[in-house]
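Keep the sequence and the structure in view while reading.

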Amino acid sequence: MPDLTANTIEPVGGFQMQGMMMRYNVFMPRLYNWCLSLGFEPGKIMPSRAFCSDESQGYPIIMIAKHFGTFPFNHGRVGGIVATDRHGPHAEHGENLVIIQASHIGYDPQTKNFGSYRRLQTAHQGFSPNCGKIYNVNTWYQDEYQFAQQNILLHTYNGMECIIIDNQLLHEDRDEGLFLRLNRLIQTNEEDQRLPLNILSTAQVFAASTPLVQKVGKQAFSHNKPQPIGTDLNADMFYFKRNILEIDESSHHLEHNLIRYMPQIITSPTPMLMAAQINTQIEFDRTFRTLVKEKAYHGKKVLFISGLNIDISPQTGQLFPLTKFIPWAASILEQDGSFSTLEQRELVQVLEQQSTDNPSQIDLEAAIQVMTEAEEIKVELNS
Ligand SMILES: [Zn+2]
C-alpha cells in the first residue's frame, strides 16, 4: 500500500488519445499480421483477452476469434484486470501466445459523453454506466469529495480571509474518507501551528493560507455569507483512505489500482475515462513484470499488448458497439527470455505499418455451419 498521506500527488498522464484510435476490424488484422512479422506461426498462436465481463466487450472478442482462427483464452477479471494466475494454463494452450489487455469506457456519439452505453436489451434501451465497475468504484470517492466541497467554506473573520472546515474533515484518526492536506489550506501562526481562530458547533475557522487566497482570489472570501469551496478544492488539497480488502486480483483490485489517483480522477472533466486510462497503464506495468517471471512462458514467444476499448454505443440497426482500440504499450518476450517494450507512439506506428488484409481470417458463419452439419458424436459414459 502506498503512503497516501505523502504530501505529493501521483503524476498521471502520458496516455494520448488523439490520432491513436483504430477500429477493431482494422486493429485485429494488423495485430495478427504484426504477430506473423515477429515470427509467430500461423495456427500455433493462442490469443487471450483480459477484458471486463461487460457484454460490450463481446464484439472485440468475436474479432479476435475471427482473425486468429480460435476463440481467445480468458485472462480477464471485471474492470479489465489481468488474472496473472492464469498465465500457466494460457502458456500450455499454444506455442505462440498473445495477451490483449484493455480497460473499457462507453461513448455516446450523440452527446459525445464518455462513460455511458446504450443497453439495447433493457426495456427502454436506455443508457447505463460503462465501465460499470469503474463507475461503482468512483462513486464512493465522488460522494466524499462532494461532501468536502459543500462543507469547506470560504469567508472572512475579523477582516482576514478564513476557511471554515467541518469537524469530520478535521478528524485525522478516521479509518476512511477524504483527508485534507491542511498545510495547503490553512495558514500557520508564528509557532508553526494551525490553531483555529474560532470554534463553531460543527466546524472550525482557520486563517486561509496565502497560496489558497492567491489561487481562488480575495473575492471568493468576500461574500456576505460563507461560500462552499466547490470546484476550487483541487486534487492537490486532499487524499483518500479506504479499507479495501487486500486480496490479490479480487474484485477490489481495480480500487487498489486507482485509490492513489482518485483526487485527480474525480476532479477531472471525464473521471471514468481517466480511471480507465490509469487502470490500463497500471495493469500493463504490473502484468509485464509477472510475464517475464512466469516460467510457463519460458521458451515461447509472447506478445502482450495493453490499451483502452472505447465502446461506441450501438446505433439503430447495429447489434454491436463500434469499438475502437487505443494502444498504450506492448511487450515482446522472446524464446531466449529476452524482451522488448514498445511505448505508445512507437506501438501505433508499428501497427499502422501492418496490412489490414488477413487472408487467414475465418468465416465464422461457415465455421458454425460446419459444426452444425458435422456427424453426431456420441459421448460415451463409462459405467
Ligand atoms: Zn466494465
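Axes are lines fitted to C-alpha atoms, for helices over the stretch in contact, and the angle between two of them is taken between their N-to-C directions, from 0 to 180 degrees. The model described here is predicted.

## Helix 1 and helix 2

Two packed helices are described by the angle between their axes and the distance between the axes. Helix 1 covers residues 24–37 and helix 2 covers residues 58–68. Their axes come within 9 Å and cross at roughly 40°. The crossing of helix 1 past helix 2 is right-handed.

Which residues make the contact? Helix 1 contributes Y24, N25, M28, P29 and Y32, while helix 2 contributes Y59, P60, M63, I64, H67 and F68. Sorted by class, nine of the residues in this contact are nonpolar and two are polar, with no charged residues.

## Domains

The protein is divided into two parts: domain 1 is made of residues 22–115 together with 270–361, and domain 2 runs over 140–241. Between the C-alpha centres of domain 1 and domain 2 there are 44 Å.

## Residue L245

L245 is found in the loop that joins strand 16 (238–241) to helix 8 (253–258). Is L245 buried or exposed? L245 counts as exposed because it has 10 C-beta neighbours inside 10 Å, and the cut-off for exposed is 12 or fewer.

Apart from its neighbours within four places in sequence, L245 is in contact with S250 and H252. I326 is 81 residues from L245 along the chain, and the C-alpha atoms of L245 and I326 are separated by 31 Å.

Technical notes: Residues are numbered from 1 along each chain as its sequence is written. This is a predicted model: local features need pLDDT of at least 70, side-chain atom pairs count only at pLDDT 80 or more; totals for chains, interfaces and linings use all residues. Helices (H or I, at least four residues) and strands (E, at least two) are DSSP runs, numbered from the N terminus. A crossing is left-handed if the near helix is turned anticlockwise from the far one by less than a right angle, and right-handed if clockwise. Two residues are in contact if their C-beta atoms, placed from the backbone, lie within 7 Å. Ala, Val, Leu, Ile, Met, Phe, Trp, Tyr, Cys and Pro count as nonpolar, Asp, Glu, Lys and Arg as charged, and the others, Gly among them, as polar. A residue is buried if 20 or more other C-beta atoms lie within 10 Å of its own, exposed if 12 or fewer, and partly exposed in between; C-beta atoms are placed from the backbone. Domain bounds come from an automatic or database domain assignment.
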